[in-house]
Amino acid sequence: MDNYQIADTFSLLSKLMDIHGENSFKVKSYAAAAFAIEKLPMQLSELAPEKRAAIKGIGDTINKRVTELLNTGQLTQLTEIIAQTPPGVLEMLSIKGIGPKKIAIIWKELAIETLGELLYACYENRLTRYKGFGEKTQKNIQESIEFYFGTLGSYLYQQIETFAHALQSVLSKAFPLQTFAITGQFRRQLPVIEQLEWVTTTPVNDLLSFFATHQYQVISQTNNFTALKGTENVTLHFYHCTPAIFGNQLFETTGSPAFLTAWKQLIGDYQLYANTGIESNLFKTAGISFIPPQQREDGDIIMEAKKQIALPTLIVPKDIKGVIHSHSNWSDGSNTIETMAESAIAQGYQYLVLSDHSKSAFYAQGLPVEKILAQHDAINHLNQQWPNGTFKIFKSIESDILSDGQLDYDEAILATFDLVIASIHSNLKMNQEKAMQRLLTAIENPYTSILGHLTGRLLLSRAGYPVDHQKIIDACAANQVVIELNAHPRRLDIDWQWIKKAIDKEVLISINPDAHSIEGYQDCKYGVLVAQKAGVTSENNLSSFDLHQMEAFISLQQKKRPYNSQ
Ligand SMILES: [Zn+2]
Ligand SMILES: [Zn+2]
């Protein structure tokens, strides 16, 4: 083991001890030893033990550790402290801009244990409430984590979208006589993208020389396939083909493996069809309705396409008529209620469902009862500005689902809200039995109108607690509870794969931005993109209700309540 490795070990030990709040004198002595060892002109391994102890910055205690390291290659003390540290907290040490002191606050005070949760806390503006975390620090942390995630090679759809479109336009300009069509995961609008793929008529060598001048590395290459990676660390795949089979190639690279297998079984071998320069011809030849690319995931959709003249019209972003699930600066949002309402109006929305955090969400400045009443006065006052049903702010709350499944206020307060969104934010580490008990209790609560972010997952960073989706859907159907499709690109929770089951049970979903600022409204789009994968139409989605329909929905929900404030 060389000096650098020894120094790194002590440096890590000192940082971890600092995070765990150990004696600062000891913390400093390990940091100083790391510093001294790194600068030594000779290797410690070549010195006799007594000579090592005499070196400034080492001494007897540290020398014992050095001996252990040299003899065994390990340090028991470090192994032990690593075992007491969540892996995500350990990972935080690789993020620029946060040292041990800040990590300790993030872990111990904000109860954040993974980088994904930390990134999400930045989006929710939660760091700035703690000592030493200004807006600038929060921004730096956010950017460093985004960069770090980028180095891992998988991206959220939203993160890679701009790059995908930019590259498409660069390629089209560079090869004006050739065709490029995006395909694969991106064309299917998956929430997480591992590689960007194109079908192209460009010859392999022409494409290779183009990318060579842009410092891309070739990962693999055959007669009709090229895989490359550039400095932005996105894997690119190109399928080369002639114009005559372009449609066929596009079809084959778009569908998931399960979809293509099912197609072969139900329709036949797509490679046998002639005249597939245009993809839609493949469907015509097969005699079935066109299946939009984002729905080509499994055989069910092929069965539907075989039965129907045309598949139902999918929801599009402009079908979202109101902003449901939003946070103002009364809790952890950045904007005033008035600004949020004005921005919603300017973007053509007919209503805003304001749902700040409830009182137990202390980390997010959840509203105590007095503040709820004051907020309702403020909303009443604002609502007078928009006569004749042109726009309305609805009174809502994102109520924490407490550990026993109860909501966060008593009935008299719950009854003052137009709508209650119930979500789990605390004690996320639980088994399925516990999660189900909490969720089902909340769903059965007559004041719950919408179940917020069902599993608590954060894509690429937190799996979320385990749930029995079908049981949740059945309970929501029985209790007239709407299931949120949280549209934040890192959540997209309920997962799209379960939405069809909800619709089959006539459960409404609601594409909600969970906006913490007016910019957050734009996330609705990402909810719509995954909803399309599940075949959602505007009739299946609560936030597509116009103001009039929303009011009717609210009065229907209020009939569930044993106690009414009105
Ligand atoms: Zn929430
Ligand atoms: Zn929320």
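For the classes used on this tour, Ala, Val, Leu, Ile, Met, Phe, Trp, Tyr, Cys and Pro count as nonpolar, Asp, Glu, Lys and Arg count as charged, and the others, Gly among them, count as polar. This is a predicted model, in which local features need pLDDT of at least 70 and side-chain atom pairs count only at pLDDT 80 or more, while totals for chains, interfaces and linings use all residues. Residues are numbered from 1 along each chain as its sequence is written, chains are lettered from A and ligands numbered from 1 in the order in which they are written, and side-chain values use heavy atoms, with hydrogens and water left out.

**Stop 1: the largest pocket**

Begin with Ala 111, Glu 117, His 425, Leu 428 and Arg 462, which lie nearest the centre of the largest pocket, itself lined by 35 residues. On a 1 Å grid over the protein atoms alone, a pocket is an open set of points with protein on both sides within 12 Å along at least five of seven lines, whereas a cavity is a set of points where a 1.4 Å probe fits but cannot get out; lining residues have an atom within 4 Å of a point. The space in this pocket comes to about 730 Å³, a volume being the space filled by probe spheres set on grid points that are joined across faces, edges and corners. By class, its lining divides into 15 nonpolar, eleven polar and nine charged residues. Helix H6 (87-92) and helix H8 (115-123) are the elements that give two or more residues to this lining, and H8 gives the most, with three. Element names follow DSSP runs numbered from the N terminus, with helices (H or I) of at least four residues and strands (E) of at least two.

**Stop 2: the five-stranded sheet**

Next select strands E2, E4, E5, E6 and E7, which form an open sheet of mixed pairing in the order E2-E4-E7-E6-E5; two strands pair if DSSP finds at least two bridges between them. Its edge strands, each pairing on one side only, are E2 (180-183) and E5 (217-221). From one strand to the next the twist averages 25 degrees. Within the sheet, E4 (residues 195-200) and E7 (residues 235-240) run parallel and are joined by six bridges, and Trp 198 has Phe 238 in E7 as its bridge partner.

Helix H13 (residues 246-254) packs on this sheet, touching E2, E4 and E7, and its direction makes about 20 degrees with that of E2. Contact here means heavy atoms within 4.5 Å, and angles run from 0 to 180 degrees between N-to-C directions, with axes being lines fitted to C-alpha atoms, for helices over the stretch in contact. Helix H12 (residues 204-212) lies across E2, E5, strand E6 (225-229) and E7, running at about 155 degrees to E7. In the loop between E6 and E7 select Asn 233, whose phi is near 60 degrees, a positive value in a residue other than glycine.

**Stop 3: H10 against H12**

Two packed helices are described by the angle between their axes and the distance between the axes. For helix H10 (residues 157-174) and H12, the axes come within 12 Å and cross at roughly 115 degrees. Val 170, Leu 171 and Ala 174 of H10 make the contact with Leu 207, Phe 210 and Phe 211 of H12. By class, this contact has six nonpolar, no polar and no charged residues.

**Stop 4: the cavity**

One cavity of 30 Å³ or more is counted, and the largest cavity has a volume of about 50 Å³. To display its lining, select Tyr 157, Gln 158, Gln 189, Leu 190, Pro 191, Pro 489, Leu 492, Tyr 526, Leu 529 and Val 530. H10 and helix H23 (524-533) are the elements that give two or more residues to this lining, and the largest share, three residues, comes from H23. Eight of the lining residues are nonpolar and two are polar, with no charged residues.

**Stop 5: the seven-stranded sheet**

Finally, select strands E8 to E14, seven strands that form an open sheet of parallel pairing in the order E8-E9-E10-E11-E12-E13-E14. Strand E8 (322-326) and strand E14 (509-512) are its edge strands, each pairing on one side only. Four bridges join strand E13 (residues 482-486) to E14, and Ile 483 stands opposite Ile 509 in E14. Helix H18 (residues 369-383) lies across strand E9 (351-357) and strand E10 (392-400), running at about 160 degrees to E10. The tour ends at the cis peptide bond that joins Asp 493 and Ile 494, with omega about 20 degrees; Ile 494 lies in the loop between E13 and helix H22 (496-504).
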